[in-house]
Amino acid sequence: MKSQKQNLYEHFRRTQPEFTYKKFSCDLIDNKLLVKYYFNIGEKYFFSPEHFLPLPPGFDEKKLKNSLFRNIIFNLGMVEAISYWKSACPPRMLIHAGTLHEEQLGFWKKLFLHGLGEFFYVNGIEPGDEPIHFVQNNGIAFQRSSLPNDRSAGVLVPVGGGKDSVVTLEVLSRQHKCTPYIMNPREASMRSAKFAGYSESDVLSSERSIDPALLDMNDQGFLNGHTPFSALLAFTAVLMAFLHGHAEIALSNESSANEPSIPGTKINHQYSKSLEFENDFREYLAKYITGDINYYSFLRPLNELQIAGLFSMFPAHHESFRSCNVGSKTNSWCGNCPKCLFTFIVLSPFISHKKLVSLFGKDLLNDGSLIPLLDKLTGNAAEKPFDCVGTIDEVNLAMRFLVSVYGNADKLPVLLKYYRSQNMQLKTGLSQEFSAALARFDEHNIPSQKDVNLLKSLLNDISY
């Protein structure tokens, strides 16, 4: 029997068969760049989302006509379109703003399918192997280009305000000139840069706005759900690197992001943070845009336990970091979501319980209402939480570690007591297993062996 959303999906595809990426515009306003996109679904629904980006001093307006610049802008529009296309999922997308090679279309078909994997799953939609067909309309065919030789601005580091980007910024800054980049700044992200030693003037920040028409459609019952935000961030970061002279973009996506949210499938909340997407994007960037900007994740070889251990070495950030999506607008930890519980658990081997309770405002290990979330995090449920959390093995290893630390079962906090009751045959050899997890170093694209060596040396300094 079809789900209600499946019926709605099929209805929209019949009644709204075409999505159009009409054009984009670029204007200078008070030494900032305003990029505006023009999308529509049929002749009834029109969208004009915007990006507002800082420009370097003395920016030459002639660059607005630069072929590479316009190529980047055009491609950013392709990923921006995903948020608007998903409202009705028209089977055809008409591309007027530019022209893509056939191989390029393969990249976008894959991103629409797997980047929206969670969206389709949560809505109970079976999209088929190819939910979108791209129709070219003889637009400009942008060519791959080289950048000017002066790429002296160093490494652009996107900062979100969580523990991961803190580690990247703090560690890379030891060996490189770094520039924090923040999209839609909030208190936690700005404080991350500040406590890493960067002034407000050192930070590059941009604003991305969603067209209110899309929010109105959501209220009217059109389709809604998760989109691959990190893919949008990737193209935006390339634009910032082009404008400000950066040769490298260092993300903070870890190996744990590769694990699917639904075991045995390709459905992954963190698809656009995965190594698969990173490799696809690197190839796409080098082949169709420019080979002069190196996009990679500095934390790719590490797992969440290692990152938590490294984060514990930077106490200046402990009070200010935030990873809770629910509390993002109020700069707080909600204490009731998967991200809060996961972060509390993964930091517990490295930061004292008393301090964590103070940071989060409550003892999450003693909150029995979080047991269903714990089951999802530890693999006792059919799916992981649709959130940026670590692997099932990492959570289980951290929980086993905590059970061993507490020792006496009578004194275990509620979640640890529950976990122990569900895992009476806890494996031996925990010390060796935990040490091995902290020593792992997985596949990555880090370009500098010097940076690799620094990361490995810091792993040896983790204490627990």
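Guide: The largest cavity has a volume of about 50 Å³, where a cavity is a set of points, on a 1 Å grid over the protein atoms alone, at which a 1.4 Å probe fits but cannot get out, and a volume is the space filled by probe spheres set on those points, which are joined across faces, edges and corners. This is a predicted model, in which local features need pLDDT of at least 70 and side-chain atom pairs count only at pLDDT 80 or more, while totals for chains, interfaces and linings use all residues. Residues are numbered from 1 along each chain as its sequence is written, and side-chain values use heavy atoms, with hydrogens and water left out.

Visitor: Which residues line the largest cavity?
Guide: The lining, meaning residues with an atom within 4 Å of a point, consists of Val79, Glu80, Ile82, Ser83, Arg208, Thr227, Pro228, Phe229 and Leu232.

Visitor: And which helix gives the most to that lining?
Guide: Helix H2 does, with 4 residues, and both H2 (67–85) and H8 (229–244) supply at least two residues each; helices here are DSSP runs of H or I with at least four residues, numbered from the N terminus.

Visitor: What about the second largest cavity, how much space lies in there?
Guide: That one holds about 30 Å³, and its lining includes His114, His226, Asn268 and Tyr271.

Visitor: Changing topic, which residues have the most contacts inside the largest nonpolar core?
Guide: They are Tyr21, Met93 and Trp108, in a core of 79 residues; a nonpolar core is a set of buried Ala, Val, Leu, Ile, Met, Phe, Trp, Tyr and Cys residues joined through side-chain atoms within 4.5 Å, and buried means under 20% relative accessible area, with exposed over 50% and partly exposed in between (1.4 Å probe, protein chains only). A second, separate core has 71 residues, among them Val203 and Phe314.

Visitor: OK, and how many salt bridges are there?
Guide: The count comes to 18, taking a salt bridge as a side-chain nitrogen of Lys or Arg within 4 Å of a carboxyl oxygen of Asp or Glu. In one of them, aspartate 367 pairs with lysine 362, and their closest N and O atoms are 2.6 Å apart.

Visitor: Is aspartate 367 buried or exposed?
Guide: Aspartate 367 is buried, because its relative accessible area is 15%, whereas lysine 362 is partly exposed at 24%. Elsewhere, salt bridges that share partners join Lys110, Lys266, Glu276 and Asp280 into one network.

Technical notes:
1 Å grid on protein atoms, 1.4 Å probe; cavity = no way out; pocket = protein on both sides within 12 Å on 5 of 7 lines; lining within 4 Å.
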